[in-house]
Amino acid sequence: MKYASEEQEGPAVDQTAGPAASAPEQTERSAPGAAPAPAPHDEAQGTRNRVARSILDHGPSTAAELALRLGLTQAAVRRHLDALATEGVVEPREKRVYGTRGRGRPAKAFVLTDCGRDAFDQAYDQLASDALRWIAQSAGGGEEGEAAVAAFARARLAAQAEGYRKAVETADPEARTEALAKALTADGYAATARSAPNPQLGEQLCQHHCPVAHVAEQYPQLCEAETEVFSRLLGTHVQRLATIAHGDGVCTTFIPKGGAGKAAHSTARTTKTTTASASTAGRNPA
């Protein structure tokens, strides 16, 4: 999780920071050569992780329950909860009361949002790998199994592409790669469009994040289907130059300008900055 910076409040000590960071004067008296004490930002981030983890482990919790559980003041807990709520990690709900409700306003219990749960360890990659393995085995394995996985990948990408089609088709021809990059970014790919090393021949679509890179390492059919979708959306041949799943820092796709033809295709092969073999084209995840 990444949380905004906030200093610890109240007299309680942040137990995640350790003795060296429990008070400023202790940091000043640290022995020569000792590791530097965590900055206030790191202390606050650690405390918020503890608050979120406590809610994950114990379920909906009030500020009072969290303060008692973590050894913090209620004022400090409320400030961390406010920050977590602003970031969309937790949300308040009216605490369910069993039996007769007492006087006064009911306490608010805080629960993790879907975003908050996703910040903790998940087994989605393993689940996806297991599902694709089952598809391949159910089809008989071998070439038949690979074809079944490819059919699944194409069906998945076809549905995903419908969300990009309108953005691409309504953009000017020269801005379609940029429009596709923005649509991909909205889906978590952190994509950008930029000129190729030779701008006269084409441009590059770069995906700086890959949500399913680990699965695509095992099943390149996912990125093969994505490359086909890019080609259909942009109405031209495209070529994969590098992929995160193959060990590169960025997934890079070369998109030639209209009329560039074979010259653009040849230049794309000679100007790439990362190693791209025949297998690379099938290594970018969907």
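A pocket, on a 1 Å grid over the protein atoms alone, is an open set of points where a 1.4 Å probe fits, with protein on both sides within 12 Å along at least five of seven lines, and its lining residues have an atom within 4 Å of a point. A volume is the space filled by probe spheres set on the points, which are joined across faces, edges and corners. This is a predicted model, in which local features need pLDDT of at least 70 and side-chain atom pairs count only at pLDDT 80 or more, while totals for chains, interfaces and linings use all residues. Residues are numbered from 1 along each chain as its sequence is written, and side-chain values use heavy atoms, with hydrogens and water left out.

Begin with Pro173, Glu203, Ile255, Pro256 and Lys257, which lie nearest the centre of the second largest pocket, among the 13 residues of its lining. The elements giving two or more residues to that lining are α8 (176-186), β4 (202-207) and β6 (251-256); helices (H or I, at least four residues) and strands (E, at least two) are DSSP runs, numbered from the N terminus. The pocket holds about 240 Å³ of space.

Next, select alanine 190, in the loop between α8 and β3 (191-195). Its phi is positive, about 50 degrees, although alanine 190 is not a glycine. Most residues other than glycine have a negative phi. Alanine 190 counts as partly exposed because its relative accessibility is 33%, where buried means under 20% relative accessible area, exposed over 50%, and partly exposed in between (1.4 Å probe, protein chains only).

Move on to helix α4 (residues 74-86), whose end C-alpha atoms are 18 Å apart, in agreement with the 18 Å that its 13 residues should span at 1.5 Å a residue; the expected span is 1.5 Å times one less than the number of residues. Within α4, colour the buried residues Ala76, Val77, His80, Leu81, Ala83 and Leu84. They cover an arc of only 160 degrees around the axis, so they lie on the same side of α4, the arc being that of the directions from the helix axis to the C-beta atoms. The face turned away from this buried side carries the exposed residues Asp82 and Thr86. After α4 comes glycine 88, with a positive phi near 80 degrees.

Finally, select the cysteines named here. The structure holds 0 disulfides, a disulfide being a pair of cysteine sulfur atoms within 2.5 Å. For cysteine 251, the nearest cysteine sulfur, that of cysteine 210, is 5.1 Å away. Cysteine 251 is buried, with a relative accessible area of 1%, whereas cysteine 115 is partly exposed at 49%.
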